[in-house]
Amino acid sequence: MASSLIHKSTYEADNPLESSLIEAFRLLEPELRPPFPLTIRTEPEYFNLNRAILYGILSETHLVKVHLKHLHGIVTDGYCFFTNLVCKVVDELYSKLVENVKVQLLYVSLELVDVSAVGVDSLLVALLRQIRGGDLGESNLWLCSEMVNLLWGKWECLVEEQPMIISSALYVFLRVLSDHCRVCLNSKLKVLKQKEIEFCIRVFKDQFHLCLKIGRDLIRVLQDLVHVPEFHDLWKDLLSRSSDACQLYRSRTCSRYFLLRITPEMETHLRFLLTQVKLGSQTRYQIWFGRKFLNGPEKETVVIDIVRFICCAHHPSNDILLSNVIPRWIIVGWLLKCCTKNHIEANAKLALFYDWLFFEENVDNIMNIEPAILLMVNSVPKYIHMTHNLLEFLFLLVDHYDIDRKDLILKGVSSALDVLKRKGVIQSFDVLTCCDMLSPFLKERLVKMLSWKNVSGFNHLQPVFLA
Amino acid sequence: MQSLKEIMPAARNNINTRFIVLEKGRITLEGGENKTCLGLVADESASVHFQFWNEECEAFQPGDIVRLSNGIFSYNRSNHLVLRAGKRGKVDKVGEFTMAFVESPNMSEISWVPDPNNSGKYIQESIISPRSRIFPPMV
């Protein structure tokens, strides 16, 4: 009797992926024991044998070496199909897998790195995505530990063959370190935290060009770790080198980094919410999403990653924009209201405005800055405190985010405002500048900012606002 | 597979459908030993009251996508028109979250009368309420 790979409740339907592995194993079990038959296989037979061997590796701990030897012997496609299959298991089943199976899964992944399997980069990305932000549960910490050990152990080979994985892992570990450095530590977590720090520092010291690949969000996540002694000097050093800091600020972070901080399941739910759910019927979905992903101590830090994902990695099509599907700014507004801790709310607002600060029309995407302006404008008049809060925060960022590069930021925010108006995202800023409910101080600053570019000759087109 | 809008009361286990659980009511004991729980479930075409039975009551949560095989749509002991698995039917959780739904019409809030031209069948007589009176919509 083949055992189940996943935890399943009484009323849960069979999972098709798991079933396909079990079925292949049942069919081919006699062939999985040495001596292995030397028959030539058709493609479907080859695929099925791959499935059977994977099931064997995942469920028969005592025979894992035999199965791996078998796999190495039969492979004819550079492990492409097999690695893809492992990837699917990670994406679709990881959170449900029985603990032993997770151990086997990490074991076989390491083996696939060793043989430089085709597609092993996607597999490592899939595993990194399963590390959950804001989750200090044992199982999540175990995965962090396994992954940091794998990356450390295979450092040379990965730097050589999969440099993007090093950048990706750096982003992931900097982000989870902000969780791991915030709480009181037991000794196990202390050890893990130290390993994660060492890994990140090693990337900065040995492979700085791979840090630069991340772009501006590197600074955003690193900033959360300034209070950690190991990062303090590194941070000061980085910001003192103006060319590096500016280069980072000016390069937009690729959306795949934001996907790294969202599990595939969360991504599916969010994309469903933002493409299928009609405005007005979102309440239940929001409750379900919150119950599943946001409730629990420390869990809400993932809101920051979700805001970044929504702004930068989920850009709706024109059809969706013209339909009555719930717009992104409403979901962002809801997420901000979900934050119960001030530092998380502040970080979520930073995530929302981050691309405003360094906006350059030829590098940046207007869709990344659209949710923030629509949230501010559409919150007038009913949720004026939201508009007020966001506008105030934006000016706070302009003044204090990086005082050595205030001009760059001022320029970024001004171009952001200019583009939003020029491309018709909003018709006019009057709704803000003429709003009686907003404080005169905020309106004055906004007017100043809107006219700033005219003075400096930025905008040769029609002035957006004449003060 | 039927959509919920197509179901009509019958004394037979003949309904195969898929829906998402929107809400669950309180679990009560029926006849002193069997647990039952009324829920609001829906698909893209309609909603209906579903009666969970014994372990089903705890096994399903709002947001779960459920496949019902050989279910029955009929009056329960409290004279509510409900969908349920019944003795011969089966419910399975097949997913979560990713299913669109509407709450109106609610098939349990329709009064049905025997079809004069087709014995054993029912036809809709009138709409009692466009939405569930037990589980009001959430805004």
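**Reading helix packing, domains and chain contacts**

Mentor: Start with one case: helices α22(A) and α23(A) are oblique to each other. This is a predicted model, in which local features need pLDDT of at least 70 and side-chain atom pairs count only at pLDDT 80 or more, while totals for chains, interfaces and linings use all residues. Residues are numbered from 1 along each chain as its sequence is written, and chains are lettered from A and ligands numbered from 1 in the order in which they are written.

Trainee: At what angle do the axes of α22(A) and α23(A) cross, and within what distance do they come?

Mentor: Two packed helices are described by the angle between their axes and the distance between the axes. Here α22 (366-378) and α23 (384-400) of chain A cross at roughly 135°, and their axes come within 7 Å. Axes are lines fitted to C-alpha atoms, for helices over the stretch in contact, and angles run from 0 to 180 degrees between N-to-C directions. Angles under 35 degrees count as roughly parallel, over 145 as roughly antiparallel, 65 to 115 as roughly perpendicular and the rest as oblique. Helices (H or I, at least four residues) and strands (E, at least two) are DSSP runs, numbered from the N terminus.

Trainee: Which residues in α22(A) and α23(A) meet?

Mentor: Two residues are in contact if their C-beta atoms, placed from the backbone, lie within 7 Å. From α22(A) come A:Ala372, A:Leu375 and A:Met376, which meet A:Met386, A:Thr387, A:Leu390 and A:Leu391 of α23(A). By class, that contact holds six nonpolar, one polar and no charged residues. Ala, Val, Leu, Ile, Met, Phe, Trp, Tyr, Cys and Pro count as nonpolar, Asp, Glu, Lys and Arg as charged, and the others, Gly among them, as polar.

Trainee: At what angle do α6(A) and α9(A) pack?

Mentor: The angle is about 5°, with the axes of α6(A) and α9(A) (163-180) 10 Å apart. These two helices are therefore roughly parallel to each other. A:Asp121, A:Leu124, A:Val125 and A:Leu128 of α6(A) meet A:Met164, A:Ile165, A:Ser168, A:Ala169 and A:Val172 of α9(A). The contact divides into seven nonpolar, one polar and one charged residue.

Trainee: Into which domains is chain A divided?

Mentor: Domain bounds come from an automatic or database domain assignment. Chain A has domain 1 (1-126), domain 2 (131-251) and domain 3 (269-455). The C-alpha centres of domains 1 and 2 of chain A are 31 Å apart. Their contact takes seven residues from domain 1 and nine from domain 2. On the domain 1 side, α5 (99-114) and α6 (120-129) of chain A each supply at least two residues. The residues of that side divide into five nonpolar, one polar and one charged.

Trainee: How many helices and strands are there in chain A?

Mentor: There are 26 helices and zero strands. The radius of gyration is taken over C-alpha atoms, and the globule rule is 2.2 Å times the number of residues to the power 0.38. A compact globule of 467 residues would have a radius of gyration near 23 Å, and the 25 Å of chain A agrees. Along the principal axes, the C-alpha atoms of chain A fill a box of roughly 85 × 50 × 45 Å.

Trainee: What part of chain A counts as buried?

Mentor: A residue is buried if 20 or more other C-beta atoms, placed from the backbone, lie within 10 Å of its own, exposed if 12 or fewer, and partly exposed in between. In chain A, 39% of the 467 residues count as buried.

Trainee: Is A:Lys188 buried or exposed?

Mentor: A:Lys188 sits in helix α10 (187-206) of chain A. It counts as exposed, because it has 12 C-beta neighbours inside 10 Å.

Trainee: In what order do the elements of chain B run?

Mentor: Chain B has one helix and eight strands, in the order β-β-β-α-β-β-β-β-β from the N terminus on. Its radius of gyration is 14 Å, close to the 14 Å that the globule rule gives for 139 residues, so chain B is as compact as a globular protein of that length. Buried residues make up 33% of chain B.

Trainee: Where does B:Leu81 lie?

Mentor: B:Leu81 lies in strand β5 (81-84) of chain B. With 20 C-beta neighbours inside 10 Å, B:Leu81 counts as buried. Leaving out residues up to four places away in sequence, B:Leu81 touches B:Pro9, B:Tyr75 and B:Ser108.

Trainee: How many residues does the contact take from chain B and from chain A?

Mentor: It takes 17 residues from chain B and 14 from chain A. On the chain B side, α1 (56-59) and β6 (90-96) each supply at least two residues. β6(B) gives the most to that side, with four residues. The chain B side divides into 10 nonpolar, two polar and five charged residues.
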